[in-house]
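Here are a few notes on the strands of this model. Keep the structure open as you read.

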Amino acid sequence: MKKVIVIGSGAGGAMAARMLARDFDVTVLEAGGEFKPLALPLDKLAMFRKTGLYFDERLIQLLLPSMRIDKQKEMIMVYGRGVGGTTTLATGNAVRADEGLKRIGICLDDEFDELSHELPVTTAHQRFWSQVTKKTFQVMQQMDLDPQPMPKFLRPGSCRLCGHCSIGCPSRAKWDARELLDGIRVEKDCRVTRIEISDNKAKKVHAVKGLKHLFFDADVVIVAAGGYGTPDVLRASGIDCQPTLFVDPVLCVAATMQGVKQNRQLLMPFVSRREKYIISPYMDWLSFFFNRSWRKPMDGIVSLMIKLADVEQGDVHKGKMEKLLTPLDHQRLAEAADICREILMRMGADKNDIFLGTLNAGHPGGMLPLTEAEASTLHSPLLPHNLYVCDASILPQSLGLPPMLTIMALAKRISKIIAANWK
Ligand SMILES: Cc1cc2nc3c(=O)[nH]c(=O)nc-3n(C[C@H](O)[C@H](O)[C@H](O)COP(=O)(O)OP(=O)(O)OC[C@H]3O[C@@H](n4cnc5c(N)ncnc54)[C@H](O)[C@@H]3O)c2cc1C
Ligand code: SF4
C-alpha cells in the first residue's frame, strides 16, 4: 500500500485521513497531544478574578493545554494544538460557506451532501433555548435582522447546556474531528519541521518528538497544519505563501442583566447573517476572565458576538501573527457594534452599561488561496505534484462564517483526487 503522511489532525487533516485510510497506509503527524477539556469548574475559577491572577490570556494554556493564544497589539489569536486541531474548541457551528469557492468555479455540492449524511448536523436544539435566548431572537426578528437557528455538530439529547462548547465539551454531545480519527495511526506530540523535496516531489517529512528527530517516507504528503501552522511548514520546505492572511475577527458587545444565565446555554444558538459579518449570542469566556470590563456575575451577562469577514491582508511567521485590521474592517465592526447596542437596549439594557469584549480571532487561513486555474485540481502549481494542502490555508477569501464544514468538504474532494491519481 502506498504511504500517505498527513500533517495536522484538525478539520482538514482528520477528514483527509479518514477518506484516504480506505486505500492508503495513512499516518497523521500531530504537533499537540490528546485533547482534555477544562477540568476545573468555571464558577470556582471565576472566584479568583478579583485577585488579579488572570492578567494575561496566555495563562489559559496552563489549564487547557490544547488551546493556544498568540497575543498581538490589536488582537488575540486563538487556535488549537492537539488531536482534533481547533475543532475541539469550536462552538460546533456547521455552516456551508462556499460562496468564494463557487465564484472561482469549485462546486462541492456532492461533498456537502455526503457530510450531511455522515456527521450529526442538526438545528433541532430550539426546544432547549433559555428565556434570554428566546427574547434575543424575538428582538432581532423585530429589527428585521432575520435570525435563523444555527446548524450544529451536535447530539442534542446528550447536551447538558453547560455553555462550555469552546473550552471542551464534557459529554461529547458536540461532535469534533477526533471522531474521524478512530482506528487511524496518529503520532502525537510530533511537530513537523519541514518536508524534503527534490525533483518536484515530496520525499520525506522531518519532525521532532521530544528530543528525537524523526523522518517519515511518503508517496503523498498532505499539509493540514491549519491557517496558522501550514505557512511555516511550507516556507521551511522552500515553498512560499502569500501575505493574504484572514482571521475572521470576533468582537463581543455585552450588557449586564441580572440572573439571565446566558452562561448556561448552547453557544451561538442562532445567527443573523449580514453581508460582511454575523451576529450571534455568545458567552465570551476569554473576556469574562481576562477583560476588566467583564467583572460581573457570570449569570448576569448578555453577550452578542460579531464575527467579521476581514480584508485578506496579513502574515504568519514562525507561529507569530502579523495582522492589523484595515480602516474598512474597523468601519464594519463599528456598524455591527451599533446594531448590537440597539438589540441590547431593546432587551432592556441601560445604554451606559454596555461594554465590549477583547478583540480576538480563531479562523486563520487564506495564505495559499485556490484560484480559478486550480478549480479542477485543487492543487497549487507552487507545490510538488505529490503534495497537497488541505486546510483553511487554501480558502480563497475570508468567510466571516464558521469554516469547518467547508474545509471538510474541500478535504473530501482533495482526497478523491488523490485516490484517483495516486492509488
Ligand atoms: C474558540 C473557537 C471556536 C470556533 N468555533 C467554530 C465553529 O463553531 N464552527 C466552525 O466551523 N469553526 C469554528 N472555529 C474555527 C475552526 O475550528 C477552524 O477554522 C478549523 O478547525 C480549521 O481547520 P484546519 O484543518 O485548517 O486547522 P486546525 O483544525 O487548526 O488543525 C490544524 C492542526 O495542525 C496541527 N499542527 C500545526 N502545526 C503543526 C506541525 N508543524 N506539525 C504537526 N502538526 C501541526 C495543530 O496542532 C492542529 O491540530 C472556531 C475556532 C475557535 C478558536
Ligand atoms: S453546551 Fe452542550 S454541546 Fe456545549 S459543551 Fe455543554 S454539553 Fe457540550
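1. Start with a term. A residue counts as buried if 20 or more other C-beta atoms lie within 10 Å of its own. Keep in mind that the model is predicted.

2. Now apply the term to strand β15, residues 277-281. Five of its five residues are buried, so β15 is largely enclosed by the rest of the structure.

3. Look at the directions next. In a regular strand the side chains alternate between the two faces of the sheet. From β15, Y277, I279 and P281 point one way. I278 and S280 point the other way. Both groups are buried.

4. Which strands pair with β15? One is β14, residues 270-273, which runs antiparallel to β15 and is joined to it by two bridges. S272 has I279 in β15 as its bridge partner. A hairpin of three residues connects β14 to β15. Another is β16, residues 301-308, again antiparallel, with five bridges to β15. There, I278 has K307 in β16 as its bridge partner.

5. Turn to another sheet. Three strands form an open sheet in the order β9-β10-β11, and the pairing is antiparallel.

6. Finally, check β10, residues 201-209. Six bridges pair β10 with β11 in the antiparallel sense. V208 stands opposite H213 in β11.

Definitions and conventions
Residues are numbered from 1 along each chain as its sequence is written. Chains are lettered from A and ligands numbered from 1 in the order in which they are written. This is a predicted model: local features need pLDDT of at least 70, side-chain atom pairs count only at pLDDT 80 or more; totals for chains, interfaces and linings use all residues. Two strands pair if DSSP finds at least two bridges between them. Helices (H or I, at least four residues) and strands (E, at least two) are DSSP runs, numbered from the N terminus. A residue is buried if 20 or more other C-beta atoms lie within 10 Å of its own, exposed if 12 or fewer, and partly exposed in between; C-beta atoms are placed from the backbone.
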